[in-house]
Amino acid sequence: MLKKKSLFFIFALLLFVIVGCTSNNSTTEEPAESGDDATTEVDKSPITYTYFDAGSAGNDIETNQTRIGKIFEEETGVNFRIEHLVGDMNTKIGTMIASGQYPDLLSPDAAIDKVLDAGAFIPLNDLLEEHGPNLLEAYGPHLDAMKKEDGNIYYLPFSVTKDYIPNPNIDQGAFWIQRGVLKEFGYPEVKTLDQYMDLIEQYEAKYPQIDGGNTIGFTALTYDWRFFAFSNTPMHLAGYPNDGEVIVDMETHEAKVYANSDYAKRYLKKLNDLNAKGLFDREAFVANYDEYLAKLASGRVLGFFDYGWQVNQALVNLQDAGDDDRRFVALPITFDENIKDQYLDPNSFITNRGVGITVSAKNPERIIQYWDNMIKEENQRLIMWGFEGEHYEVDDNGRFYRTAEQIEQVAKTEYQEELGMAYFDWSWPRLNGTFSDGNAVEPRRQAEVARAAYTDGDKVLLEKYNIEVFADLFAEPEERPWYPTWSANVEQGSPTDLFAQKAGDLKRKYYPMIVLASPDEFESKWEEFVTEYNKLDIEGYEQFFTEVVEKRINNEW
(Lines give C-alpha, C1' and ligand atoms only; values in the text may rest on other atoms or scores of the structure.)
Protein backbone atom coordinates (compact mmCIF):
# COMPACT_ATOMS: atom_id res chain seq x y z
CA MET A 1 0.00 0.00 0.00
CA LEU A 2 2.87 2.40 0.87
CA LYS A 3 4.58 1.67 -2.46
CA LYS A 4 1.33 2.34 -4.32
CA LYS A 5 0.91 5.68 -2.52
CA SER A 6 4.52 6.66 -3.29
CA LEU A 7 4.13 5.79 -6.95
CA PHE A 8 0.89 7.77 -7.12
CA PHE A 9 2.58 10.78 -5.50
CA ILE A 10 5.51 10.65 -7.94
CA PHE A 11 3.12 10.36 -10.91
CA ALA A 12 1.06 13.31 -9.68
CA LEU A 13 4.21 15.39 -9.17
CA LEU A 14 5.45 14.63 -12.67
CA LEU A 15 2.05 15.49 -14.12
CA PHE A 16 2.06 18.81 -12.25
CA VAL A 17 5.53 19.66 -13.60
CA ILE A 18 4.59 18.72 -17.18
CA VAL A 19 1.38 20.74 -17.09
CA GLY A 20 3.16 23.68 -15.50
CA CYS A 21 5.88 23.73 -18.12
CA THR A 22 3.38 23.46 -20.92
CA SER A 23 1.40 26.32 -19.47
CA ASN A 24 4.45 28.53 -19.11
CA ASN A 25 5.69 27.91 -22.64
CA SER A 26 2.48 28.57 -24.60
CA THR A 27 0.18 31.49 -25.20
CA THR A 28 -3.50 30.78 -24.73
CA GLU A 29 -6.55 32.75 -25.67
CA GLU A 30 -8.81 33.93 -22.86
CA PRO A 31 -11.94 31.76 -22.49
CA ALA A 32 -14.97 33.02 -24.37
CA GLU A 33 -17.40 35.12 -22.38
CA SER A 34 -19.98 32.38 -22.85
CA GLY A 35 -18.26 30.49 -20.07
CA ASP A 36 -16.48 27.97 -22.31
CA ASP A 37 -13.37 26.93 -20.36
CA ALA A 38 -11.62 25.51 -23.40
CA THR A 39 -8.49 27.33 -24.52
CA THR A 40 -7.13 27.67 -28.01
CA GLU A 41 -3.47 27.96 -28.85
CA VAL A 42 -2.82 31.36 -30.39
CA ASP A 43 0.24 32.33 -32.37
CA LYS A 44 1.00 35.96 -31.51
CA SER A 45 3.97 36.37 -33.82
CA PRO A 46 3.63 39.59 -35.88
CA ILE A 47 1.84 39.26 -39.20
CA THR A 48 0.23 41.82 -41.53
CA TYR A 49 -2.68 41.00 -43.80
CA THR A 50 -4.12 43.09 -46.62
CA TYR A 51 -7.76 44.17 -46.55
CA PHE A 52 -9.66 45.82 -49.42
CA ASP A 53 -12.86 47.54 -48.32
CA ALA A 54 -15.07 48.37 -51.30
CA GLY A 55 -18.01 49.49 -49.21
CA SER A 56 -16.74 52.56 -47.41
CA ALA A 57 -14.49 55.53 -48.03
CA GLY A 58 -11.51 56.44 -45.91
CA ASN A 59 -7.78 56.84 -45.76
CA ASP A 60 -5.63 53.81 -46.50
CA ILE A 61 -3.91 52.82 -43.27
CA GLU A 62 -2.39 50.02 -41.23
CA THR A 63 -4.55 49.25 -38.23
CA ASN A 64 -1.60 49.21 -35.81
CA GLN A 65 -1.10 52.90 -36.55
CA THR A 66 -4.25 53.52 -34.50
CA ARG A 67 -4.55 53.30 -30.75
CA ILE A 68 -7.19 50.58 -30.78
CA GLY A 69 -5.54 48.68 -33.61
CA LYS A 70 -2.29 48.60 -31.66
CA ILE A 71 -4.10 46.99 -28.71
CA PHE A 72 -5.63 44.36 -30.99
CA GLU A 73 -2.21 43.64 -32.47
CA GLU A 74 -0.76 43.15 -28.98
CA GLU A 75 -3.59 40.73 -28.19
CA THR A 76 -3.34 38.70 -31.42
CA GLY A 77 -0.14 39.60 -33.25
CA VAL A 78 -2.25 40.55 -36.28
CA ASN A 79 -2.18 43.84 -38.20
CA PHE A 80 -4.13 44.83 -41.33
CA ARG A 81 -3.16 47.10 -44.20
CA ILE A 82 -6.51 48.58 -45.28
CA GLU A 83 -7.15 49.89 -48.79
CA HIS A 84 -10.42 51.67 -49.59
CA LEU A 85 -12.20 51.96 -52.91
CA VAL A 86 -11.17 54.65 -55.36
CA GLY A 87 -13.04 54.70 -58.66
CA ASP A 88 -15.59 52.17 -59.89
CA MET A 89 -16.26 49.22 -57.60
CA ASN A 90 -17.22 46.73 -60.30
CA THR A 91 -14.12 47.56 -62.32
CA LYS A 92 -11.87 47.06 -59.31
CA ILE A 93 -13.47 43.79 -58.27
CA GLY A 94 -13.56 42.62 -61.89
CA THR A 95 -9.81 43.20 -62.22
CA MET A 96 -9.17 41.10 -59.11
CA ILE A 97 -11.30 38.27 -60.44
CA ALA A 98 -9.69 38.36 -63.88
CA SER A 99 -6.18 38.23 -62.43
CA GLY A 100 -6.96 35.83 -59.61
CA GLN A 101 -5.01 38.11 -57.30
CA TYR A 102 -6.88 39.06 -54.16
CA PRO A 103 -6.16 40.82 -50.89
CA ASP A 104 -6.23 38.52 -47.86
CA LEU A 105 -9.45 40.06 -46.62
CA LEU A 106 -12.15 41.42 -48.91
CA SER A 107 -15.36 43.34 -48.40
CA PRO A 108 -16.82 43.60 -51.93
CA ASP A 109 -20.06 45.39 -51.00
CA ALA A 110 -22.71 44.91 -53.73
CA ALA A 111 -20.29 42.83 -55.82
CA ILE A 112 -20.24 40.03 -53.26
CA ASP A 113 -22.04 37.58 -55.54
CA LYS A 114 -19.40 38.12 -58.23
CA VAL A 115 -16.70 37.25 -55.72
CA LEU A 116 -18.61 34.15 -54.60
CA ASP A 117 -19.14 33.01 -58.18
CA ALA A 118 -15.42 33.41 -58.82
CA GLY A 119 -14.60 31.12 -55.90
CA ALA A 120 -12.49 33.83 -54.25
CA PHE A 121 -13.69 33.24 -50.66
CA ILE A 122 -12.71 30.22 -48.58
CA PRO A 123 -15.28 28.32 -46.47
CA LEU A 124 -15.26 29.44 -42.85
CA ASN A 125 -17.22 26.65 -41.15
CA ASP A 126 -14.31 24.64 -39.75
CA LEU A 127 -12.29 27.75 -38.94
CA LEU A 128 -15.16 29.15 -36.92
CA GLU A 129 -15.63 25.88 -35.06
CA GLU A 130 -11.94 25.66 -34.19
CA HIS A 131 -11.02 29.30 -33.61
CA GLY A 132 -14.19 31.38 -33.27
CA PRO A 133 -16.17 30.59 -30.10
CA ASN A 134 -17.12 34.24 -29.56
CA LEU A 135 -18.11 34.64 -33.20
CA LEU A 136 -20.28 31.53 -33.03
CA GLU A 137 -21.95 32.82 -29.89
CA ALA A 138 -22.63 36.24 -31.43
CA TYR A 139 -23.85 34.96 -34.81
CA GLY A 140 -25.44 31.79 -33.40
CA PRO A 141 -29.10 32.57 -34.20
CA HIS A 142 -28.18 33.39 -37.80
CA LEU A 143 -25.67 30.70 -38.75
CA ASP A 144 -28.15 28.87 -41.00
CA ALA A 145 -29.02 32.14 -42.72
CA MET A 146 -25.33 32.68 -43.45
CA LYS A 147 -24.89 29.34 -45.23
CA LYS A 148 -24.98 29.11 -48.99
CA GLU A 149 -26.58 26.27 -50.94
CA ASP A 150 -23.53 24.06 -50.45
CA GLY A 151 -23.81 24.46 -46.67
CA ASN A 152 -20.74 26.66 -46.35
CA ILE A 153 -20.33 30.07 -44.76
CA TYR A 154 -18.10 32.22 -46.96
CA TYR A 155 -18.30 35.61 -45.27
CA LEU A 156 -19.50 37.22 -42.07
CA PRO A 157 -22.18 39.92 -42.28
CA PHE A 158 -21.04 43.17 -40.74
CA SER A 159 -23.51 43.36 -37.93
CA VAL A 160 -25.47 41.06 -35.67
CA THR A 161 -28.10 42.65 -33.43
CA LYS A 162 -29.31 41.83 -29.96
CA ASP A 163 -32.27 43.81 -28.62
CA TYR A 164 -32.55 46.36 -31.42
CA ILE A 165 -33.07 49.99 -30.44
CA PRO A 166 -33.72 52.82 -32.93
CA ASN A 167 -31.44 55.78 -33.32
CA PRO A 168 -32.80 58.70 -31.22
CA ASN A 169 -31.80 60.90 -34.15
CA ILE A 170 -33.21 59.59 -37.39
CA ASP A 171 -30.66 57.88 -39.64
CA GLN A 172 -33.19 56.06 -41.81
CA GLY A 173 -35.87 57.26 -44.23
CA ALA A 174 -37.99 60.33 -43.57
CA PHE A 175 -39.45 63.45 -45.09
CA TRP A 176 -37.20 66.26 -43.93
CA ILE A 177 -38.44 69.83 -43.54
CA GLN A 178 -36.60 73.01 -42.74
CA ARG A 179 -37.12 74.03 -39.13
CA GLY A 180 -37.84 77.60 -40.12
CA VAL A 181 -40.96 76.38 -41.92
CA LEU A 182 -42.33 74.79 -38.77
CA LYS A 183 -41.39 77.83 -36.71
CA GLU A 184 -43.13 80.18 -39.16
CA PHE A 185 -46.45 78.37 -38.72
CA GLY A 186 -46.31 77.78 -34.97
CA TYR A 187 -44.90 74.25 -34.98
CA PRO A 188 -47.97 72.45 -36.33
CA GLU A 189 -48.42 68.68 -36.41
CA VAL A 190 -47.55 67.48 -39.88
CA LYS A 191 -48.61 63.93 -40.65
CA THR A 192 -49.76 63.66 -44.26
CA LEU A 193 -48.12 64.37 -47.59
CA ASP A 194 -50.70 67.04 -48.38
CA GLN A 195 -50.07 68.83 -45.08
CA TYR A 196 -46.32 68.66 -45.63
CA MET A 197 -46.41 70.04 -49.17
CA ASP A 198 -48.96 72.72 -48.24
CA LEU A 199 -46.59 74.10 -45.60
CA ILE A 200 -43.75 74.22 -48.09
CA GLU A 201 -45.94 76.01 -50.63
CA GLN A 202 -47.07 78.60 -48.09
CA TYR A 203 -43.55 79.27 -46.88
CA GLU A 204 -42.11 79.59 -50.38
CA ALA A 205 -44.84 82.07 -51.32
CA LYS A 206 -43.89 84.17 -48.30
CA TYR A 207 -40.12 83.80 -48.71
CA PRO A 208 -39.28 83.26 -52.41
CA GLN A 209 -35.63 83.91 -51.62
CA ILE A 210 -33.32 82.82 -48.80
CA ASP A 211 -29.96 84.50 -48.27
CA GLY A 212 -30.12 86.06 -51.72
CA GLY A 213 -30.83 82.80 -53.57
CA ASN A 214 -34.08 81.38 -54.91
CA THR A 215 -35.93 79.18 -52.43
CA ILE A 216 -36.18 75.52 -53.47
CA GLY A 217 -39.43 73.98 -52.33
CA PHE A 218 -38.65 70.28 -52.66
CA THR A 219 -35.69 68.38 -54.07
CA ALA A 220 -34.72 64.73 -54.44
CA LEU A 221 -31.71 62.46 -54.84
CA THR A 222 -31.75 60.49 -58.09
CA TYR A 223 -28.06 60.09 -58.92
CA ASP A 224 -26.68 56.72 -60.03
CA TRP A 225 -27.42 53.78 -57.68
CA ARG A 226 -28.83 56.24 -55.13
CA PHE A 227 -31.97 56.53 -57.27
CA PHE A 228 -33.62 54.23 -54.72
CA ALA A 229 -33.94 57.27 -52.43
CA PHE A 230 -36.44 58.62 -54.96
CA SER A 231 -38.18 55.43 -56.06
CA ASN A 232 -38.59 54.01 -52.53
CA THR A 233 -40.68 56.92 -51.29
CA PRO A 234 -44.19 55.61 -52.15
CA MET A 235 -43.56 52.51 -50.06
CA HIS A 236 -42.88 54.63 -46.96
CA LEU A 237 -45.85 56.90 -47.58
CA ALA A 238 -48.04 53.79 -47.65
CA GLY A 239 -46.82 52.71 -44.22
CA TYR A 240 -44.13 50.16 -45.09
CA PRO A 241 -40.44 50.01 -44.16
CA ASN A 242 -37.67 49.71 -46.74
CA ASP A 243 -38.10 46.24 -48.21
CA GLY A 244 -36.63 47.33 -51.54
CA GLU A 245 -38.63 46.78 -54.72
CA VAL A 246 -41.55 45.10 -52.95
CA ILE A 247 -43.95 45.64 -50.08
CA VAL A 248 -44.97 42.64 -47.99
CA ASP A 249 -48.53 42.13 -46.79
CA MET A 250 -48.52 41.67 -43.01
CA GLU A 251 -51.29 39.04 -43.12
CA THR A 252 -50.75 37.05 -46.31
CA HIS A 253 -46.96 37.63 -46.42
CA GLU A 254 -47.18 38.09 -50.17
CA ALA A 255 -44.57 40.34 -51.77
CA LYS A 256 -45.87 42.81 -54.33
CA VAL A 257 -44.07 45.36 -56.50
CA TYR A 258 -45.27 48.92 -56.07
CA ALA A 259 -43.48 50.85 -58.84
CA ASN A 260 -46.64 50.60 -60.98
CA SER A 261 -49.09 50.87 -58.07
CA ASP A 262 -51.52 53.58 -57.05
CA TYR A 263 -49.05 54.44 -54.27
CA ALA A 264 -46.39 55.37 -56.81
CA LYS A 265 -48.87 57.16 -59.03
CA ARG A 266 -50.17 59.20 -56.11
CA TYR A 267 -46.70 60.34 -55.10
CA LEU A 268 -45.59 61.18 -58.62
CA LYS A 269 -48.82 63.12 -59.14
CA LYS A 270 -48.06 65.20 -56.06
CA LEU A 271 -44.57 65.97 -57.42
CA ASN A 272 -46.06 66.74 -60.83
CA ASP A 273 -48.40 69.27 -59.20
CA LEU A 274 -45.49 70.70 -57.25
CA ASN A 275 -43.47 71.05 -60.43
CA ALA A 276 -46.33 72.86 -62.18
CA LYS A 277 -46.26 75.39 -59.33
CA GLY A 278 -42.51 75.88 -59.68
CA LEU A 279 -41.82 74.28 -56.30
CA PHE A 280 -40.02 71.13 -57.43
CA ASP A 281 -36.27 71.28 -58.06
CA ARG A 282 -35.97 70.46 -61.75
CA GLU A 283 -32.21 69.96 -61.33
CA ALA A 284 -32.95 66.97 -59.10
CA PHE A 285 -32.83 64.62 -62.09
CA VAL A 286 -29.44 65.81 -63.34
CA ALA A 287 -27.51 66.74 -60.19
CA ASN A 288 -24.87 64.36 -58.87
CA TYR A 289 -24.54 63.34 -55.24
CA ASP A 290 -22.09 66.07 -54.24
CA GLU A 291 -24.22 68.75 -55.90
CA TYR A 292 -27.26 67.42 -54.08
CA LEU A 293 -25.51 67.59 -50.70
CA ALA A 294 -24.23 71.08 -51.43
CA LYS A 295 -27.75 72.21 -52.28
CA LEU A 296 -29.12 70.83 -49.01
CA ALA A 297 -26.34 72.57 -47.08
CA SER A 298 -27.05 75.89 -48.81
CA GLY A 299 -30.05 76.60 -46.58
CA ARG A 300 -32.35 77.23 -49.57
CA VAL A 301 -34.10 73.85 -49.64
CA LEU A 302 -37.36 73.56 -47.69
CA GLY A 303 -37.97 69.82 -47.97
CA PHE A 304 -36.81 66.48 -49.34
CA PHE A 305 -37.12 62.73 -48.76
CA ASP A 306 -34.00 60.72 -48.01
CA TYR A 307 -32.25 58.45 -45.56
CA GLY A 308 -30.45 60.15 -42.68
CA TRP A 309 -27.22 58.22 -43.19
CA GLN A 310 -27.10 59.46 -46.77
CA VAL A 311 -27.42 63.19 -45.98
CA ASN A 312 -25.53 63.32 -42.70
CA GLN A 313 -22.71 65.40 -44.17
CA ALA A 314 -25.14 68.14 -45.23
CA LEU A 315 -26.91 68.03 -41.85
CA VAL A 316 -23.61 68.46 -40.02
CA ASN A 317 -22.61 71.34 -42.29
CA LEU A 318 -25.89 73.11 -41.58
CA GLN A 319 -25.43 72.70 -37.85
CA ASP A 320 -21.88 74.02 -38.05
CA ALA A 321 -23.19 77.07 -39.96
CA GLY A 322 -25.07 78.04 -36.80
CA ASP A 323 -28.43 79.08 -38.27
CA ASP A 324 -30.89 76.76 -36.58
CA ASP A 325 -33.83 77.83 -38.76
CA ARG A 326 -32.03 76.42 -41.82
CA ARG A 327 -31.49 73.01 -40.28
CA PHE A 328 -33.85 70.11 -40.99
CA VAL A 329 -36.02 67.84 -38.87
CA ALA A 330 -37.24 64.39 -39.94
CA LEU A 331 -40.98 63.71 -40.11
CA PRO A 332 -42.83 60.37 -40.54
CA ILE A 333 -45.09 61.50 -43.36
CA THR A 334 -47.77 59.14 -44.76
CA PHE A 335 -50.47 59.48 -47.39
CA ASP A 336 -53.29 59.60 -44.84
CA GLU A 337 -53.58 60.11 -41.09
CA ASN A 338 -54.96 56.59 -40.54
CA ILE A 339 -51.75 55.02 -41.89
CA LYS A 340 -49.28 53.93 -39.21
CA ASP A 341 -45.80 55.01 -40.24
CA GLN A 342 -43.05 52.39 -40.38
CA TYR A 343 -39.98 54.46 -41.11
CA LEU A 344 -37.94 53.05 -38.22
CA ASP A 345 -36.31 49.78 -39.21
CA PRO A 346 -37.43 46.67 -37.36
CA ASN A 347 -34.79 44.26 -36.11
CA SER A 348 -32.99 42.83 -39.12
CA PHE A 349 -30.06 40.73 -40.25
CA ILE A 350 -28.42 41.71 -43.54
CA THR A 351 -27.01 38.64 -45.29
CA ASN A 352 -25.90 40.01 -48.68
CA ARG A 353 -23.09 42.25 -47.40
CA GLY A 354 -20.07 41.16 -45.42
CA VAL A 355 -16.35 40.44 -45.23
CA GLY A 356 -14.62 37.23 -46.24
CA ILE A 357 -11.18 35.62 -46.27
CA THR A 358 -9.85 35.03 -49.76
CA VAL A 359 -7.93 32.14 -51.27
CA SER A 360 -4.81 34.33 -51.15
CA ALA A 361 -4.66 34.43 -47.34
CA LYS A 362 -2.02 32.37 -45.54
CA ASN A 363 -2.86 31.06 -42.08
CA PRO A 364 -6.52 32.17 -42.24
CA GLU A 365 -7.02 30.97 -38.68
CA ARG A 366 -5.10 34.05 -37.53
CA ILE A 367 -7.77 36.26 -39.10
CA ILE A 368 -10.56 34.28 -37.43
CA GLN A 369 -8.77 34.60 -34.09
CA TYR A 370 -8.48 38.34 -34.64
CA TRP A 371 -12.19 38.63 -35.41
CA ASP A 372 -13.03 36.42 -32.45
CA ASN A 373 -11.05 38.71 -30.17
CA MET A 374 -12.50 41.93 -31.54
CA ILE A 375 -16.13 40.81 -31.17
CA LYS A 376 -15.79 40.34 -27.40
CA GLU A 377 -17.96 42.86 -25.58
CA GLU A 378 -15.01 44.62 -23.97
CA ASN A 379 -13.43 45.19 -27.38
CA GLN A 380 -16.70 46.23 -28.98
CA ARG A 381 -17.05 48.81 -26.20
CA LEU A 382 -13.54 49.98 -26.98
CA ILE A 383 -14.35 50.39 -30.68
CA MET A 384 -17.69 52.07 -30.19
CA TRP A 385 -17.25 54.03 -26.97
CA GLY A 386 -13.50 54.44 -26.54
CA PHE A 387 -11.80 54.47 -23.16
CA GLU A 388 -13.81 54.91 -19.97
CA GLY A 389 -13.01 58.17 -18.22
CA GLU A 390 -11.57 59.58 -21.43
CA HIS A 391 -14.30 59.16 -24.04
CA TYR A 392 -17.28 58.19 -21.89
CA GLU A 393 -18.42 57.96 -18.28
CA VAL A 394 -20.52 55.45 -16.35
CA ASP A 395 -23.20 56.64 -13.92
CA ASP A 396 -24.28 54.97 -10.67
CA ASN A 397 -26.79 52.83 -12.57
CA GLY A 398 -24.18 51.53 -14.98
CA ARG A 399 -25.41 53.68 -17.87
CA PHE A 400 -22.83 55.00 -20.31
CA TYR A 401 -22.90 58.69 -21.18
CA ARG A 402 -20.66 61.37 -22.60
CA THR A 403 -20.01 64.88 -21.44
CA ALA A 404 -20.35 67.78 -23.87
CA GLU A 405 -16.56 67.92 -24.14
CA GLN A 406 -16.31 64.22 -24.89
CA ILE A 407 -19.02 64.44 -27.52
CA GLU A 408 -17.20 67.29 -29.23
CA GLN A 409 -13.88 65.48 -29.03
CA VAL A 410 -15.07 62.15 -30.40
CA ALA A 411 -17.12 63.81 -33.17
CA LYS A 412 -13.93 64.93 -34.92
CA THR A 413 -13.07 62.69 -37.87
CA GLU A 414 -9.34 63.07 -37.33
CA TYR A 415 -9.69 61.99 -33.72
CA GLN A 416 -11.79 58.95 -34.67
CA GLU A 417 -9.15 57.96 -37.18
CA GLU A 418 -6.36 58.36 -34.65
CA LEU A 419 -8.19 56.17 -32.13
CA GLY A 420 -9.22 53.63 -34.75
CA MET A 421 -12.97 54.06 -34.33
CA ALA A 422 -13.25 55.28 -37.90
CA TYR A 423 -11.71 52.06 -39.20
CA PHE A 424 -13.28 49.46 -36.91
CA ASP A 425 -16.88 50.65 -36.48
CA TRP A 426 -18.02 49.04 -39.74
CA SER A 427 -16.88 46.56 -42.43
CA TRP A 428 -15.89 44.06 -39.72
CA PRO A 429 -17.81 41.44 -37.74
CA ARG A 430 -19.46 43.47 -35.01
CA LEU A 431 -22.28 43.66 -32.51
CA ASN A 432 -25.26 45.99 -32.63
CA GLY A 433 -28.27 46.71 -30.47
CA THR A 434 -27.37 46.41 -26.80
CA PHE A 435 -24.61 44.91 -24.68
CA SER A 436 -25.41 42.38 -21.98
CA ASP A 437 -25.57 45.26 -19.45
CA GLY A 438 -28.31 47.04 -21.44
CA ASN A 439 -26.18 49.87 -22.80
CA ALA A 440 -26.38 50.60 -26.52
CA VAL A 441 -23.55 49.18 -28.59
CA GLU A 442 -23.48 52.38 -30.64
CA PRO A 443 -23.23 55.61 -28.63
CA ARG A 444 -25.49 57.36 -31.14
CA ARG A 445 -28.31 55.02 -30.09
CA GLN A 446 -27.88 55.80 -26.38
CA ALA A 447 -30.56 58.34 -25.42
CA GLU A 448 -28.28 59.91 -22.79
CA VAL A 449 -25.67 60.70 -25.44
CA ALA A 450 -28.24 62.06 -27.90
CA ARG A 451 -29.78 64.38 -25.33
CA ALA A 452 -26.40 65.64 -24.14
CA ALA A 453 -25.51 66.67 -27.68
CA TYR A 454 -28.69 68.63 -28.40
CA THR A 455 -28.29 72.31 -29.19
CA ASP A 456 -30.54 75.03 -27.81
CA GLY A 457 -32.39 74.94 -31.11
CA ASP A 458 -32.89 71.18 -30.79
CA LYS A 459 -34.29 71.62 -27.30
CA VAL A 460 -36.79 74.24 -28.47
CA LEU A 461 -38.07 71.89 -31.15
CA LEU A 462 -38.27 68.94 -28.78
CA GLU A 463 -40.19 71.04 -26.28
CA LYS A 464 -42.64 72.31 -28.90
CA TYR A 465 -43.51 68.75 -29.88
CA ASN A 466 -43.35 67.39 -26.32
CA ILE A 467 -40.75 64.72 -27.09
CA GLU A 468 -37.42 63.75 -25.55
CA VAL A 469 -35.63 62.59 -28.70
CA PHE A 470 -36.50 63.00 -32.38
CA ALA A 471 -37.34 59.32 -32.84
CA ASP A 472 -40.31 59.87 -30.52
CA LEU A 473 -42.15 61.41 -33.48
CA PHE A 474 -42.09 58.02 -35.21
CA ALA A 475 -44.14 54.89 -34.59
CA GLU A 476 -42.51 51.79 -33.11
CA PRO A 477 -41.49 49.31 -35.81
CA GLU A 478 -43.61 46.18 -36.15
CA GLU A 479 -41.87 42.81 -36.12
CA ARG A 480 -41.05 41.54 -39.60
CA PRO A 481 -38.93 38.37 -39.42
CA TRP A 482 -38.20 38.58 -43.15
CA TYR A 483 -36.93 42.15 -43.07
CA PRO A 484 -35.39 43.41 -45.28
CA THR A 485 -36.20 41.42 -48.40
CA TRP A 486 -33.64 43.42 -50.40
CA SER A 487 -30.92 41.53 -48.52
CA ALA A 488 -31.83 38.29 -50.30
CA ASN A 489 -29.04 36.83 -52.38
CA VAL A 490 -30.12 37.12 -56.00
CA GLU A 491 -28.09 35.12 -58.49
CA GLN A 492 -26.48 37.24 -61.17
CA GLY A 493 -28.14 36.81 -64.53
CA SER A 494 -31.18 35.12 -63.00
CA PRO A 495 -34.71 36.18 -64.03
CA THR A 496 -35.01 38.02 -60.70
CA ASP A 497 -31.79 39.90 -61.33
CA LEU A 498 -32.77 40.77 -64.89
CA PHE A 499 -36.17 42.01 -63.76
CA ALA A 500 -34.55 44.34 -61.22
CA GLN A 501 -32.23 45.77 -63.86
CA LYS A 502 -34.98 46.33 -66.42
CA ALA A 503 -37.40 47.73 -63.84
CA GLY A 504 -34.72 50.10 -62.60
CA ASP A 505 -34.01 51.31 -66.13
CA LEU A 506 -37.69 51.95 -66.77
CA LYS A 507 -38.10 53.95 -63.57
CA ARG A 508 -35.04 56.05 -64.34
CA LYS A 509 -36.44 56.76 -67.79
CA TYR A 510 -40.09 57.40 -66.99
CA TYR A 511 -40.28 58.78 -63.46
CA PRO A 512 -38.53 62.06 -64.40
CA MET A 513 -40.72 62.38 -67.49
CA ILE A 514 -43.85 61.85 -65.40
CA VAL A 515 -42.87 64.40 -62.75
CA LEU A 516 -41.78 67.06 -65.22
CA ALA A 517 -44.67 66.57 -67.66
CA SER A 518 -47.32 69.22 -68.01
CA PRO A 519 -50.32 68.32 -65.81
CA ASP A 520 -52.48 67.46 -68.82
CA GLU A 521 -49.87 64.88 -69.94
CA PHE A 522 -49.46 63.21 -66.57
CA GLU A 523 -51.98 60.41 -67.18
CA SER A 524 -50.60 59.49 -70.58
CA LYS A 525 -47.00 59.43 -69.36
CA TRP A 526 -47.99 57.31 -66.38
CA GLU A 527 -49.92 54.85 -68.55
CA GLU A 528 -46.97 54.64 -70.93
CA PHE A 529 -44.72 53.66 -68.04
CA VAL A 530 -47.19 51.12 -66.63
CA THR A 531 -47.60 49.50 -70.05
CA GLU A 532 -43.85 49.02 -70.41
CA TYR A 533 -43.41 47.92 -66.78
CA ASN A 534 -46.19 45.34 -67.01
CA LYS A 535 -44.36 43.66 -69.90
CA LEU A 536 -41.77 42.47 -67.38
CA ASP A 537 -42.06 39.21 -65.47
CA ILE A 538 -43.69 40.79 -62.43
CA GLU A 539 -45.29 37.52 -61.34
CA GLY A 540 -41.96 35.70 -61.28
CA TYR A 541 -40.27 38.50 -59.37
CA GLU A 542 -43.04 38.65 -56.78
CA GLN A 543 -43.02 34.87 -56.42
CA PHE A 544 -39.27 34.89 -55.72
CA PHE A 545 -39.61 37.37 -52.88
CA THR A 546 -42.77 35.76 -51.51
CA GLU A 547 -40.73 32.58 -51.17
CA VAL A 548 -37.91 34.56 -49.52
CA VAL A 549 -40.42 35.89 -46.98
CA GLU A 550 -41.84 32.43 -46.33
CA LYS A 551 -38.41 30.89 -45.81
CA ARG A 552 -37.33 33.61 -43.43
CA ILE A 553 -40.52 33.29 -41.40
CA ASN A 554 -39.65 29.60 -41.06
CA ASN A 555 -36.03 30.52 -40.28
CA GLU A 556 -34.86 28.91 -43.53
CA TRP A 557 -32.73 31.75 -44.78
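Guide: In the class counts below, Ala, Val, Leu, Ile, Met, Phe, Trp, Tyr, Cys and Pro count as nonpolar, Asp, Glu, Lys and Arg as charged, and the others, Gly among them, as polar. The model is predicted, so local features need pLDDT of at least 70 and side-chain atom pairs count only at pLDDT 80 or more, while totals for chains, interfaces and linings use all residues. Residues are numbered from 1 along each chain as its sequence is written, and side-chain values use heavy atoms, with hydrogens and water left out.

Visitor: How much space lies in the second largest pocket?
Guide: A pocket is an open set of points on a 1 Å grid over the protein atoms alone where a 1.4 Å probe fits, with protein on both sides within 12 Å along at least five of seven lines. The 24 residues that line the second largest pocket include K148, E149, N489, V490 and E491, which are the closest to its centre; a lining residue has an atom within 4 Å of a point. The volume, taken as the space filled by probe spheres set on the points, is about 790 Å³.

Visitor: Which helix gives the most to the lining of the second largest pocket?
Guide: Helices are DSSP runs of H or I with at least four residues, and strands are runs of E with at least two, both numbered from the N terminus. Two or more lining residues come from each of helix 4 (112-117), helix 22 (495-516) and helix 24 (538-553). The most, 5 residues, are given by helix 24.

Visitor: How many residues of the lining of the second largest pocket are charged?
Guide: The lining holds 8 nonpolar residues and 5 polar ones. The charged residues in the lining number 11.

Visitor: Which residues in helix 16 meet helix 2?
Guide: Contact means heavy atoms within 4.5 Å, and helix 2 brings I68, I71, F72 and E75 to this one. By class, the contact has 5 nonpolar, 1 polar and 1 charged residues. The residues on the side of helix 16 are N379, L382 and I383.

Visitor: At what angle do the axes of helix 9 and helix 12 cross?
Guide: L193, D194 and M197 in helix 9 (193-206) meet Y267, K270, L271 and L274 in helix 12. The axes come within 12 Å, and the two helices are roughly parallel because their crossing angle is roughly 15 degrees.

Visitor: What is the omega of the peptide bond from Y483 to P484?
Guide: P484 is found in the loop between helix 21 (456-464) and helix 22. The bond that joins Y483 to P484 is cis, with omega near -10 degrees.

Visitor: In which loop does D163 lie?
Guide: D163 is not a glycine, although its phi is positive at about 55 degrees. D163 lies in the loop between strand 5 (159-162) and strand 6 (173-178).

Conventions: Axes fitted to C-alpha atoms, helices over the stretch in contact; angles between N-to-C directions. Parallel < 35°, antiparallel > 145°, perpendicular 65-115°, else oblique.
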